[in-house]
Amino acid sequence: MNIVTVSEMKEIERLANESLLSYYCMMENAGNRSYELIISEYPETNSLIIFCGKGNNGGDGLVVARLAANDHKKVHIILVEGIPVTEDALTNYNKLPDSVEISHINEIDEKIIDMISDKTVIVDALYGTGFHGELREEGKKACNIINSINCPIISLDIPSGINADTGFPCQDAVKATITVVFHAYKNAHIKTQICGQCKLVDIGIDKNKI
């Protein structure tokens, strides 16, 4: 099992970017592999609720949203800290089809019950492997809502609220059904049960070129 630290993964991505696999392509690949896994595991899925942070993990979720909407699924994005602030994530935000519904975390509360069916999948795309410290107020609210929903929860790369290097989860960290692991396992994937089933996917990084 190939296990890397957060800093090692950042270096792997940097070298891949220099080897002509751009950060944007890695995000696109991560979103594609995640959506493929969701449909493989839950083929009857007809709606997705995607909680997106403002960074690149949120960008991965936005790729999933676009693919699902183009596949005629009902998609509702919940922005947890506003619109994306990283270039690649913002590009994917601007590529969303008109059919995608978008709300802010402070707008939903009980409203989320009306979005859920027995064929709904929740996607956790709040915080990636760079998360450390404690959840901020909006992040904590989002994680609590995710954990309260009786639907499959798919976390992208790592459940939000977990330190990827130590495996230490915040009190309100997301409890994933499945974690889609990008390129290589991180320490948290083997140190905590909170990740659920860990499914490793290829995001296009050629180990022979880095």
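Helices (H or I, at least four residues) and strands (E, at least two) are DSSP runs, numbered from the N terminus. With that in hand, let us look at one loop. Ser117 lies in the loop between strand 4 (101–104) and strand 5.

Before going on, a word on the model. This is a predicted model, in which local features need pLDDT of at least 70 and side-chain atom pairs count only at pLDDT 80 or more, while totals for chains, interfaces and linings use all residues. Residues are numbered from 1 along each chain as its sequence is written, and side-chain values use heavy atoms, with hydrogens and water left out.

## A loop residue and its neighbours

Is Ser117 buried or exposed, or something in between? Buried means under 20% relative accessible area, exposed means over 50%, and partly exposed is in between (1.4 Å probe, protein chains only). Ser117 counts as partly exposed because its relative accessibility is 28%. Leaving aside residues up to four places away in sequence, Ser117 touches Asn46, Ser47 and Cys151, where contact means heavy atoms within 4.5 Å. Ser117 and Leu48 are 69 residues apart in sequence, yet their C-alpha atoms are 9.8 Å apart in space.

## The two sides of helix 5

Helix 5 (residues 137–148) has twelve residues. From its first C-alpha to its last, helix 5 reaches 17 Å, close to the 16 Å expected at 1.5 Å a residue; the expected span is 1.5 Å times one less than the number of residues.

Which residues of helix 5 are buried? They are Gly139, Ala142, Cys143, Ile145 and Ile146. These residues sit on the same side of helix 5 because they cover an arc of only 160° around the axis. The arc is that of the directions from the helix axis to the C-beta atoms. Glu137 and Ser148, on the other side of helix 5, are exposed. The cover over the buried residues includes strand 2 (47–52), strand 5 (120–125) and strand 6 (153–156).

## Charged pairs

Side chains of opposite charge can pair when their charged atoms come close. Here a salt bridge is a side-chain nitrogen of Lys or Arg within 4 Å of a carboxyl oxygen of Asp or Glu. How many salt bridges does a search of the whole structure find? It finds seven, among them the pairs in this table.

| Pair | N to O distance |
|---|---|
| Glu11 and Arg14 | 2.6 Å |
| Lys199 and Glu41 | 3.5 Å |
| Lys186 and Asp157 | 3.1 Å |

Glu11 and Arg14 are separated by about one helical turn, because they are three residues apart in helix 1 (residues 6–18). Glu11, Arg14 and Glu18 are linked in a network of salt bridges. Glu11 counts as partly exposed at 34% relative accessibility, and Arg14 counts as partly exposed at 32%.

The salt bridge between Lys199 and Glu41 joins strand 9 (residues 197–201), where Lys199 lies, to helix 2 (residues 23–41), where Glu41 lies, so the pair ties together parts that are 158 residues apart in sequence. Lys199 is partly exposed, with a relative accessible area of 25%, and Glu41 counts as partly exposed at 31% relative accessibility.

The salt bridge between Lys186 and Asp157 also links distant parts of the chain: Lys186 is in strand 8 (residues 185–186) and Asp157 is in the loop between strand 6 and strand 7 (178–182), 29 residues apart. Lys186 and Asp157 are both buried.
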